Amino acid sequence: MSAPVTVLATPVASIGEHPLLILLLQLAFLMLLALVLGRLATYFKLPAVAGELAAGVLVGPSVLKPLVPSFSAWLLPQQPEQVHLLDAVGQLGVLLLVGVTGSEMNIGLVRKRGIIAGKVGITGLVVPLGLGVATGFLLPHSFVPAGTSQTTFAMFLGVATGVSAIPVIAKTLLDMKLLHRDIGQLILAACVVDDVAGWFLLSVVSAMATAGLTAGVVTTSIVWPVVVVLFAAVIGRPVVGGALRLAGRSESPAPTIATVVVLVMFSSAATQAVHLESIFGAFVCGVLIATSKGWDPRKLEPLRVVVLAFLAPLFFATAGLRMDLTALARPVVLVAALVVLVVAVIGKFVGAFLGAWLSRMNRWEALALGAGMNSRGVVEVIVAMTGLRLHVLDTKTYTIIVLVAIVTSLMAPPILRFAMTRVEETAQAKLLGRAAGPDAELPSPAAGGGVPAQGLDTVGAADQRGD
């Protein structure tokens, strides 16, 4: 009797030489342009993300393809396997970016600012969210991709117009030396509330887009994120804290960095497995890291540098590749872009004003809050990429949403600077009025009277530490 023959499984072939060459050149071209244009943007006091997105726009269908079609077809072949390789690198970058961003969230700041941050954050999300949903229903059906319901599209547009971008506004506040001022801290606290709710809603809407709109799906889409958050709070938090403390015993930052990457990847995989967005898992893990005690956050600095210097710019460059600015040459698309932009801006400012009014703040403080929360930058680009991947958005609507992200981020510094000037003038007038009594005439600063501007905020006691 002959012995049984063992059949060995044929090994999977490794990536071919040409696809690897194309991937390396794509990464090199995009990183070089993202670095140059990102630095150029910061030189002109603009958010770096604007330059990094422009890198992808230059290489994508808006510029390179019309000018040099043969080279564009060679560098960016449309075979699914090649496109997916670049997408995989971008997805890794965005998951770590969201995880690192979440790990830097100051939840204690929300507790400190408490009710005011809650009011401003909620109204600053709900008003633009509602206006965005209404706009999504009013846009022509030609803007809705085939196979996507108008309801899902409208809800996704609402989430896209409702979010704010903590990384962009934090950098803006830092550059303007407002990060440790009361108004700056309040803007950040309100944005934390806004972002937590925004990521939750993105996860819900994404689940609906994947599974369809039925009563059971809607219920499941809402229940699963709640289950994830409860599981993270009860089980995940001690696990994450214990893992970080164990890794932190080493003097080298390497174990801590490796542990954080593993935790973010597992969390992303867990939410992806239950048909929620992997980004939601990365964000929840980042918040757990931020609230864990007994480890040294400074050990994450090397990871933060790699993510912000390499992976994030590469992700934004790949995001820019999907933009097709030639679509704006069509009047209907251009009008839709302007409508969505106006709705997004008005929604944020009205929401911030409403929250400020409920908190008894003056109109200049409300304007400063609106300017800060109106900056969407990084977060809205991530939302737009998610919508494109889920086929909730097509190239036209994706381009519109990314343009909103860029324009609102560019609007923030000048409006914030104008509002803060008025905040300081108002605070100075109140200070002089209290010092001189109700019947005294206030001296004009232009005439040399009064006290030097101290940059006092009228929200609580001012914190005057500079950066």
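How many helices and how many strands does the protein chain have?

1. The protein chain has 17 helices and zero strands, where helices (H or I, at least four residues) and strands (E, at least two) are DSSP runs numbered from the N terminus. This is a predicted model, in which local features need pLDDT of at least 70 and side-chain atom pairs count only at pLDDT 80 or more, while totals for chains, interfaces and linings use all residues. Residues are numbered from 1 along each chain as its sequence is written, and side-chain values use heavy atoms, with hydrogens and water left out.

2. Among contacts with a separation of 6 or more, 79% are between residues 24 or more positions apart, a contact being heavy atoms within 4.5 Å.

3. In the largest nonpolar core there are 111 residues, of which Trp-199, Phe-316, Leu-369, Ile-382 and Leu-416 touch the most other members. Helix 9 gives the most to this core, with twelve residues. Apart from it lies another core of 15 residues, including Met-31, Leu-75, Leu-86 and Leu-321. A core here is a set of buried Ala, Val, Leu, Ile, Met, Phe, Trp, Tyr and Cys residues joined through side-chain atoms within 4.5 Å. Leaving out residues up to four places away in sequence, Phe-316 touches Val-49, Glu-52, Leu-53, Leu-97, Val-378 and Val-381.

4. The structure holds five salt bridges, each defined as a side-chain nitrogen of Lys or Arg within 4 Å of a carboxyl oxygen of Asp or Glu. One of them joins Asp-194 to Lys-348, with the closest N and O atoms 2.5 Å apart. This pair links distant parts of the chain, since Asp-194 is in helix 9 (residues 182-211) and Lys-348 is in helix 14 (residues 331-358), 154 residues apart. Asp-194 counts as buried because its relative accessibility is 0%, and Lys-348 is likewise buried, with a relative accessible area of 0%.

5. A further salt bridge pairs Arg-298 with Asp-296, the closest N and O atoms being 3.1 Å apart; Arg-298 is exposed at 68%, whereas Asp-296 is partly exposed at 26%. Glu-301 and Arg-304 also form a salt bridge, with the closest N and O atoms 4.0 Å apart. These two residues are separated by about one helical turn because they are three residues apart in helix 13 (residues 301-321). Glu-301 is partly exposed at 38% relative accessibility, and Arg-304 is partly exposed at 30%.

6. The structure holds zero disulfides, a disulfide being a pair of cysteine sulfur atoms within 2.5 Å. Cys-191 is buried at 0% relative accessibility, and Cys-285 is buried at 1%.

7. Leu-40, Tyr-43, Phe-44, Leu-46 and Leu-410 make a nonpolar surface patch of about 520 Å². Patches are made of residues with over 30% relative accessible area and no salt bridge, like charges being joined within 9 Å and nonpolar side chains (Val, Leu, Ile, Met, Phe, Trp, Tyr) within 5 Å. Tyr-43 is found in helix 1 (residues 17-43), and this residue counts as exposed because its relative accessibility is 65%.

Methods. Areas by Shrake-Rupley, 256 points an atom, 1.4 Å probe, with all protein chains shown as cover. Buried < 20%, exposed > 50% of the residue type's maximum accessible area, 1.4 Å probe, protein only.
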